[in-house]
Amino acid sequence: MSRQPLLFTPGPLSTSLTVKEAMLKDMGSRDFAFINAVKDIRSGLLRLAHVSKEEGYECVIIQGSGTFGVESVISSVIGEKDKLLVLANGAYGERIAKMAKIHRLNHEVLRFDEDTIVAPEAVEKFLSANKDITHVACIHSETTTGLFNPVEAVGEVCKKYGAVYIVDAMSSFGGVVMDMAALHIDFLVSSSNKCIEGVPGFAFALCKRASLEKAKGQARSLSLDLYDQWAGLEASGQFRFTPPTLSIMAFQQAMQELALEGGVAAREQRYKTNKKILDEGMRRLGFKQYLQPEIQGHIITSFLYPDSPNFRFDEFYRKLNDRGFVIYPGKLSKADAFRIGNIGQIFPDDVKALLEAITEVMKEFEI
Ligand SMILES: *Cc1c(COP(=O)(O)O)cnc(C)c1O
């Protein structure tokens with residue numbers, strides 16, 4: 001087998017051979033190994049968020065990509081008399097705003113520039129002036145740019161105003177130490193193919209049970225009904241509809257490998273090391289970052305196109321791709337940039353190899 005490509009993207013990511021091997025056996029949805037894996041994963045994910053069933057938290061797995069998990073929460077937990085405040089400073093915040101519109105939820109959107117973080121003072125001002133807001137949704141790692149929003153400070157504001165707090169921690173959960181209770185989060189959403197390093201197939205919502213129970217009977221979609229999905233898993237350990245069996249088996253293996261690596265803290269350290277090597281190498285090559293370093297997270301970085309007429313992104317991408325390195329296009333509304341992720345089965349030597357390939361390609365461009 002030829003060498004696997006290395007994915008420097010925000011997901012799907014490079015996965016270990018053993019994670020891929022966990023998918024080699026056909027698996028029925030009533031197989032004991034599968035039912036046990038689901039049970040294992042549901043309690044294991046709560047542990048990763050420093051909470052448990054005993055402390056009043058639940059894990060609901062939702063088939064589909066990460067967006068399906070966010071939409072399941074957004075379309076299930078905001079009641080007819082409730083009102084959602086969406087905090088947006090990038091494409092993923094805007095995606096939640098779009099869900100709110102499609103599901104005709106009472107909602108407001110508080111926007112911030114793409115190169116700034118959500119300001120907790122502005123959230124506080126908004127909540128004190130709009131007492132009808134019952135729920136607040138915020139992105140943790142805004143993958144559009146790579147910034148980290150201050151989820152802790154926003155959580156304090158939500159607690160003070162009694163708002164239910166929904167966090168899209170899709171691209172950070174498993175790669176950043178997070179204590180869901182300490183952050184006052186009611187609903188935290190992530191997916192199988194991000195920092196836990198599994199393959200695509202499902203999203204998961206970690207929920208405060210008291211908040212989840214209020215979602216009973218108010219979903220706006222059958223397949224994305226968060227409460228019913230939970231009730232089904234609780235009653236029989238089974239999914240309501242065809243589960244992503246092999247993706248679940250791969251994820252169970254991925255969670256064991258996360259524990260072997262030393263848990264979330266160790267993984268966070270590896271990603272930070274990747275980022276440090278990448279930053280230094282790209283700086284030496286003359287690349288500038290889009291964000292100020294204070295607000296930049298360690299998951300993914302946006303680099304501005306070099307200021308040279310010789311640079312063509314499509315060709316840059318293809319030449320790296322031909323060498324087995326997959327990077328990611330930009331998604332910024334105001335600047336031309338591309339993105340490089342530090343997550344997945346990517347190690348310091350892989351980042352160094354990527355930097356060597358970029359050096360070669362830039363020479364070919366005569367930049
Ligand atoms: C990856 C990601 C999602 C989900 O995207 P899918 O393509 O649906 O998996 C949502 N929010 C953020 C911040 C993400 O990085």
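This structure holds 22 salt bridges. A salt bridge here is a side-chain nitrogen of Lys or Arg within 4 Å of a carboxyl oxygen of Asp or Glu. Side chains of opposite charge can pair when their charged atoms come close.

Some ground rules. This is a predicted model: local features need pLDDT of at least 70, side-chain atom pairs count only at pLDDT 80 or more, and totals for chains, interfaces and linings use all residues. Residues are numbered from 1 along each chain as its sequence is written, and side-chain values use heavy atoms, with hydrogens and water left out.

Back to the salt bridges. Take Glu-94 and Arg-111. Their closest N and O atoms are 2.7 Å apart. Glu-94 sits in helix H4 (residues 91–102) and Arg-111 in strand S4 (residues 107–111), so this pair ties together parts that are 17 residues apart in sequence. The helices (H or I, at least four residues) and strands (E, at least two) are DSSP runs, numbered from the N terminus. Glu-94 is partly exposed, with a relative accessible area of 31%. On that scale, buried means under 20% relative accessible area, exposed means over 50%, and partly exposed is in between, with a 1.4 Å probe and protein chains only.

Next pair: Glu-124 and Lys-160. Their side chains meet in a salt bridge of 2.6 Å, N to O. Glu-124 belongs to helix H5 (residues 120–129) and Lys-160 to helix H6, so parts 36 residues apart in sequence are tied together. Which of the classes does Glu-124 fall into? Glu-124 counts as partly exposed, at 25% relative accessibility. Lys-160 counts as exposed, at 59%.

Arg-42, Lys-53, Glu-58, Arg-209 and Glu-234 are linked in it by salt bridges.

One more pair leads us to helix H11. Glu-364 forms a salt bridge with Lys-319, with the closest N and O atoms 2.7 Å apart. Glu-364 is in helix H12 and Lys-319 in helix H11, so the pair ties together parts that are 45 residues apart in sequence. Is Lys-319 buried or exposed? Lys-319 is buried, with a relative accessible area of 16%. Glu-364 counts as partly exposed, at 43%.

Now H11 itself, residues 313–322. Its buried residues are Phe-313, Phe-316, Lys-319 and Leu-320. They cover an arc of only 130° around the axis, which puts them on the same side of H11. That arc is taken from the directions from the helix axis to the C-beta atoms. Here is the background: an α-helix has 3.6 residues a turn, so residues three or four places apart point the same way. The face turned away from the buried side carries the exposed residues Asp-314 and Asp-322. What covers the buried residues of H11? The cover includes strand S12 (325–326), strand S13 (328–329), strand S14 (337–341) and helix H12 (348–364). Contact means heavy atoms within 4.5 Å. Just after H11, Gly-324 takes a positive phi of about 90°.

On to helix H8, residues 226–236. Leu-226, Tyr-227, Gln-229, Trp-230, Gly-232 and Leu-233 are buried there. They pack against several elements, including helix H2 (32–48), strand S2 (57–63) and helix H7 (209–213). At the start of H8, a side-chain oxygen of Asp-225 reaches to within 3.1 Å of the backbone nitrogen of Tyr-227. That is a polar contact: a pair of N or O atoms within 3.5 Å; within protein, one must be able to donate a hydrogen and the other to accept it, and residues adjacent in sequence count only if both atoms are side-chain atoms. Gly-237 follows H8, with a positive phi near 75°.

Last stop, the ligand. Residues around it, meaning those with a heavy atom within 4 Å, include Ser-65, Tyr-92, Arg-95 and Asp-168. A polar backbone atom of Gly-66 is 3.0 Å from a ligand oxygen. A polar side-chain atom of Thr-143 lies 2.4 Å from an oxygen atom of the ligand. For Lys-194, an N or O atom in the side chain is 2.9 Å from a ligand oxygen. Taken alone, the ligand exposes 380 Å², and the protein buries 85% of that. Those areas come from the Shrake-Rupley method with a 1.4 Å probe; for residues, only the protein chains shown count as cover.
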